[in-house]
Amino acid sequence: MGRFLQMAGLVIGLIALVLQFAITIPASMAAGRGLLGSIVFYFSFFTILTNIAAVLVHASLLSPAGYAWFPAFAGRRMRAGVAVAITLVFIVYSTVLARLWAPEGLFLLCDILLHYVTPLIFVLWWLIAGADGSTRWRDISWWMIYPLAYLAYALIRAPFAGEVPYPFLDVAKNGAASVAISALTTTALFLVLCALAVLVDHGIARLRK
């Protein structure tokens, strides 16, 4: 079951990412961005970056030679961290962002795959085959680097690009206080998910003994 979920996560994740790229770039250029700006725009979404990480984790563990592909993504700490991040993708999108737009056609398909299907597959895989009780509480500080670095990037890029990847990070529209509250809330949620991941990882290890 674990290997099936790995293969499904890899294939579906790759299809979704490539398809999203193929439809985003033309739409972005039609909106006035250049080719390079459109590519940067595509890679400026936490959802895209996290799904890429999930695909790399799956790919890294499918090598019969044992972690020969993308070894940096094969480690137990990385697997758990990606599980936390992609869970955040699902929660924030389904509770906050989904109601802000109504995608259609291929955009709707990518929306479902990247925000619902790939998170579900990855977390199920991690629970079944990825969790082994090896995570430590100190790992949380390592996992926190990703969302904090992303937040810094999005806020620093905003005044230069004149846009933000997510509406709740728009200081010009919402004000600094509102953005700060949104950022702190999201960071706190990520921290809670980190703690939950460690507890679940240890709980699964005890059940397997």
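**Exercise 1. The second largest pocket**

Which residues line the second largest pocket?

*Solution.* The model is a predicted one.

Step 1. List the lining. L49, T50, A53, F73, M78, G81, V82, A85, W142, W143, Y146 and F190 line the second largest pocket.

Step 2. Assign elements. α3, α4 and α6 each give two or more residues to this lining. The largest share, four residues, comes from α4.

Step 3. Sort by class. The lining divides into ten nonpolar, two polar and no charged residues.

Step 4. About 220 Å³ of space lies in the second largest pocket.

**Exercise 2. The largest pocket**

*Solution.* Step 1. Take the volume. The largest pocket holds about 700 Å³ of space.

Step 1. Find the centre. The lining has 29 residues, and F41, F45, W101, P165 and Y166 lie nearest the centre of this pocket.

Step 2. Assign elements. At least two lining residues come from each of α1, α2, α3, α4, α5 and α8 (171–174). Helix α5 gives the most, with five residues.

Step 3. Sort by class. There are 18 nonpolar, six polar and five charged residues in the lining of the largest pocket.

**Exercise 3. The largest nonpolar core**

*Solution.* Step 1. The core has 57 residues. F122, W143, Y166, L169 and F190 have the most contacts inside it.

Step 1. Name the suppliers. At least two core residues come from each of α1, α2 (35–42), α3, α4 (76–97), α5 (105–130), α6 (139–143), α7 (145–161) and α9 (176–208). α4 gives the most to this core, with twelve residues.

Step 2. In soluble globular proteins, nonpolar side chains tend to be buried together.

Step 3. Beyond its neighbours within four places in sequence, L169 is in contact with L151, A154, L155, V164 and V179.

**Exercise 4. Two residues, S28 and V198**

Is S28 buried or exposed? Answer likewise for V198, then list the contacts of both.

*Solution.* Step 1. Locate S28. This residue is found in helix α1. The relative accessible area of S28 is 2%, under the 20% cut-off, so S28 is buried.

Step 1. List its partners. With neighbours within four places in sequence set aside, S28 is in contact with R33, S38 and F41.

Step 2. Locate V198. Helix α9 contains V198. V198 has 0% relative accessibility, so V198 counts as buried.

Step 3. List its partners. V198 touches T135, R136, W137, I140 and W143, not counting residues up to four places away in sequence.

Step 4. Compare sequence with space. V198 and R136 are 62 residues apart in sequence, but their C-alpha atoms are 6.7 Å apart in space.

Key: Residues are numbered from 1 along each chain as its sequence is written. This is a predicted model: local features need pLDDT of at least 70, side-chain atom pairs count only at pLDDT 80 or more; totals for chains, interfaces and linings use all residues. Side-chain values use heavy atoms; hydrogens and water are left out. Buried means under 20% relative accessible area, exposed over 50%, partly exposed in between (1.4 Å probe, protein chains only). Contact means heavy atoms within 4.5 Å. A nonpolar core is a set of buried Ala, Val, Leu, Ile, Met, Phe, Trp, Tyr and Cys residues joined through side-chain atoms within 4.5 Å. On a 1 Å grid over the protein atoms alone, a cavity is a set of points where a 1.4 Å probe fits but cannot get out, and a pocket is an open set with protein on both sides within 12 Å along at least five of seven lines; lining residues have an atom within 4 Å of a point. Grid points are joined across faces, edges and corners, and a volume is the space filled by probe spheres set on the points. Ala, Val, Leu, Ile, Met, Phe, Trp, Tyr, Cys and Pro count as nonpolar, Asp, Glu, Lys and Arg as charged, and the others, Gly among them, as polar.
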